[in-house]
Amino acid sequence: MNTYQADDSLLGLAQSFREALRQSVYVMRRLDSEEQLSSAQLGVLKMALDGGARVGEIARNLGVKVPSATEQIIKLERAGLVKREADPDDSRAVRVAATAAGRAAVENADRRRNEFIAGILATLSQGERDAVEAALPVFDKIANLNSPVQN
C-alpha cells in the first residue's frame, strides 16, 4: 500500500478521479445489464483470453473470493464459453481458457460497448474528444502502476 502523504489538492483530485471512475463503471454495468453476460462474467472471459488464467488470479483481479470466481467460471463453462485445462507451468493448478464461443462473446460485447461509447463521444465537442484521447495514456499508466490486471 502507498504510504505517501498527499496534500489537500491531491486528495481532492484523488476524490474526483475515484468518483469519475465509479460513475464510468456504473455506465458500463448498466450497458451490461441489458445482455446475457454480467460485467463479472465478461471480466472472467477477458482474463481467459490469450492462454487463460488461474482461478486465484481471476478472483484477485475481480476483487472477489475464489468461491465467487468459481461460481462465475462454472456458469461460463456450462454455457460453453470457457474450459478448464491443466496449467502447463504447474501440474497442480488449473487454468481457465476461453473457447471459440467465449472469444466471440467478448468480441460481440466489445463491439457493442465501443458502439455505445462512440455514441457518447459523438455528443462531445472536438476539443473534449481530444482531451479524452490525451488522457488515455495517463489512465493506462495509473492502471498499470500497482495492478496485476493486464487486459
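N114 is placed in helix α5. N114 is exposed, because its relative accessible area is 52% (buried is under 20%, exposed over 50%, partly exposed in between, with a 1.4 Å probe and protein chains only). This is a predicted model: local features need pLDDT of at least 70, side-chain atom pairs count only at pLDDT 80 or more, and totals for chains, interfaces and linings use all residues. Residues are numbered from 1 along each chain as its sequence is written, and side-chain values use heavy atoms, with hydrogens and water left out.

**Overall fold**

- The protein chain has six helices and three strands. Helices (H or I, at least four residues) and strands (E, at least two) are DSSP runs, numbered from the N terminus.
- Along the sequence, the elements run α-α-β-α-α-β-β-α-α.
- The C-alpha trace spans about 50 × 40 × 20 Å along its principal axes.
- Of the 151 residues of the protein chain, 24% count as buried.
- Among contacts in the protein chain with a separation of 6 or more, 50% come from residues 24 or more positions apart. Contact means heavy atoms within 4.5 Å.

**Helix α2 against helix α5**

- Two packed helices are described by the angle between their axes and the distance between the axes.
- Helix α2 (residues 39-47) packs on helix α5 (residues 100-122) at an angle of about 120°, and their axes are 10 Å apart. Axes are lines fitted to C-alpha atoms, for helices over the stretch in contact, and angles run from 0 to 180 degrees between N-to-C directions.
- α2 and α5 are therefore oblique to each other. Angles under 35 degrees count as roughly parallel, over 145 as roughly antiparallel, 65 to 115 as roughly perpendicular and the rest as oblique.
- The crossing of α2 past α5 is left-handed: the near helix is turned anticlockwise from the far one by less than a right angle, whereas clockwise would be right-handed.
- From α2, the residues S39, L42, L45 and K46 meet G102, A105, V106, A109, D110 and R113 of α5.
- This contact of α2 with α5 divides into five nonpolar, two polar and three charged residues. Ala, Val, Leu, Ile, Met, Phe, Trp, Tyr, Cys and Pro count as nonpolar, Asp, Glu, Lys and Arg as charged, and the others, Gly among them, as polar.

**Helix α2 against helix α4**

- α2 also packs with α4, at an angle of about 80° and with the axes 10 Å apart.
- α2 and α4 are therefore roughly perpendicular to each other.
- A40, Q41, V44 and L45 of α2 meet Q72, I73, K75 and L76 of α4.
- By class, the contact of α2 with α4 has five nonpolar, two polar and one charged residues.

**Helix α3 against helix α4**

- The axes of helix α3 (residues 55-62) and helix α4 (residues 66-78) come within 8 Å and cross at roughly 105°.
- That makes α3 roughly perpendicular to α4.
- V55, G56, I58 and A59 in α3 meet V66, A69, T70 and I73 in α4.
- The α3 and α4 contact has six nonpolar, two polar and no charged residues.

- L76 lies in helix α4. L76 is buried, because its relative accessible area is 1%.
- Leaving aside neighbours within four places in sequence, L76 contacts L37, Q41, V44, L45, L81 and V82.
- Q72 is also found in helix α4. Q72 is buried, with a relative accessible area of 16%.
- Not counting residues up to four places away in sequence, Q72 touches S38, A40, Q41 and V44.

**Backbone and surface sites**

- D50 is found in the loop between α2 and β1 (53-54). D50 is exposed, with a relative accessible area of 81%.
- D50 is not a glycine, yet has a positive phi of about 50°. Most residues other than glycine have a negative phi.
- A131 is found in helix α6 (residues 126-145). A131 counts as partly exposed, because its relative accessibility is 46%.

**C-alpha separations**

- N114 and S68 are 46 residues apart in sequence and 28 Å apart in space.
- L76 and G127 are 51 residues apart along the chain and separated by 41 Å.
- A131 and D110 are 21 residues apart along the chain and separated by 23 Å.
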